[in-house]
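Please view the sequence and the model first, and then read the points below.

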Amino acid sequence: MSEKIIIVTGFGPFAGHEDRNASWEAVNLLPDVFHFRKDAYKLRKYQVPVIYEEVNRILPQIWNQKPNLVVHVGVNGTINTINLEHFSYTFGYSKPDFAQHYLPSDKITLNGKHANDKECAMLKTNLNVERMVKELNLETNVECCCSTNVGNYLCGYIYVKSLDVNQDRTLFVHVPKVNEPYTSEQTMATIYNVIGKCLEQLAAEQKLS
């Protein structure tokens, strides 16, 4: 029987977030096991440096484990909600990373399921973000939003790269800075609830095997 695995990533320090990155602060608090229905999923957490080459190195390690779900988490210092991202673009990556390295081109070369689609401008998760946000806002005291603005920095980069591997099992979540307004514990709890919502959808669509 294949191992049941959930992988959640947060980012390390970068400009404006040198002391701590709210995404990793929350992700690191998640439990090592996630119980869903009768199954126990191993929950593996990765801190990803804000460096393009590190994303390129880590993502194959993640997907080679054949995870049931991958949730990437990043910080957005301009929001005060927890945002579930619909999609990511394949172009516009012209900023240097935290190591001051640039990509060879601002257009992402897709190497996964969309490798032959040279005109592809964006990739969208197949998870129902709208339904998740609606349910979370009814069930919790943390405000969640649907977003179409993952950005064209490392957040967008890691998301589009993972979506190129599997659009059914990938989601990106943007979180605000620590205590603006949510504590790391509140943000962690919301990410935990998001994972549960993702698994519910995948189970309903018979995509968890």
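The lining of the second largest pocket comprises four nonpolar, four polar and two charged residues. The model is predicted.

- The volume of the second largest pocket is about 180 Å³.
- Its lining consists of Asn 56, Leu 59, Pro 60, Trp 63, Thr 109, Asn 111, Gly 112, Lys 161, Asp 164 and Val 165.
- Helix H2 (52-63) and helix H4 each contribute at least two residues to this lining, and H2 gives the most, with four residues.

**The largest pocket**

- The largest pocket holds about 270 Å³ of space.
- Its lining has 18 residues, of which Val 75, Val 150, Tyr 153, Cys 155 and His 174 are the closest to the centre of the pocket.
- Strand E4 (69-75) and helix H4 each supply at least two of the lining residues.
- By class, the lining of the largest pocket has eight nonpolar residues, nine polar residues and one charged residue.

**The cavity**

- The largest cavity is lined by Ala 22, Pro 176, Lys 177, Val 178, Tyr 182, Thr 183, Ser 184 and Thr 187.
- Four of these lining residues are nonpolar, three are polar and one is charged.

**Helix H3**

- Helix H3 spans residues 129-139, and its buried residues include Val 129, Met 132, Val 133 and Leu 136.
- Viewed down the helix axis, the buried residues of H3 fall within an arc of 95 degrees, so they line one face of the helix.
- Lys 134, Leu 138 and Glu 139 are exposed and lie on the face of H3 turned away from the buried side.
- The packing partners of the buried residues of H3 are strand E5 (82-85), strand E8 (144-147), strand E9 (170-175) and helix H5 (184-204).
- At the start of H3, the backbone nitrogen of Glu 130 has a side-chain oxygen of Asn 128 within 3.3 Å.

**Val 160 in helix H4**

- Helix H4 covers residues 154-165 and contains Val 160.
- Val 160 has a relative accessible area of 0% and is therefore buried.
- Although Val 160 and Ser 88 are 72 residues apart in sequence, their C-alpha atoms are 5.3 Å apart in space.
- Leaving aside residues up to four places away in sequence, Val 160 touches Ser 88, Tyr 89, Thr 90, Tyr 93, Ile 108, Leu 110 and Leu 123.

Technical notes
Residues are numbered from 1 along each chain as its sequence is written. This is a predicted model: local features need pLDDT of at least 70, side-chain atom pairs count only at pLDDT 80 or more; totals for chains, interfaces and linings use all residues. Side-chain values use heavy atoms; hydrogens and water are left out. On a 1 Å grid over the protein atoms alone, a cavity is a set of points where a 1.4 Å probe fits but cannot get out, and a pocket is an open set with protein on both sides within 12 Å along at least five of seven lines; lining residues have an atom within 4 Å of a point. Ala, Val, Leu, Ile, Met, Phe, Trp, Tyr, Cys and Pro count as nonpolar, Asp, Glu, Lys and Arg as charged, and the others, Gly among them, as polar. Buried means under 20% relative accessible area, exposed over 50%, partly exposed in between (1.4 Å probe, protein chains only). The arc is that of the directions from the helix axis to the C-beta atoms. Contact means heavy atoms within 4.5 Å. A polar contact is a pair of N or O atoms within 3.5 Å; within protein, one must be able to donate a hydrogen and the other to accept it, and residues adjacent in sequence count only if both atoms are side-chain atoms. Grid points are joined across faces, edges and corners, and a volume is the space filled by probe spheres set on the points.
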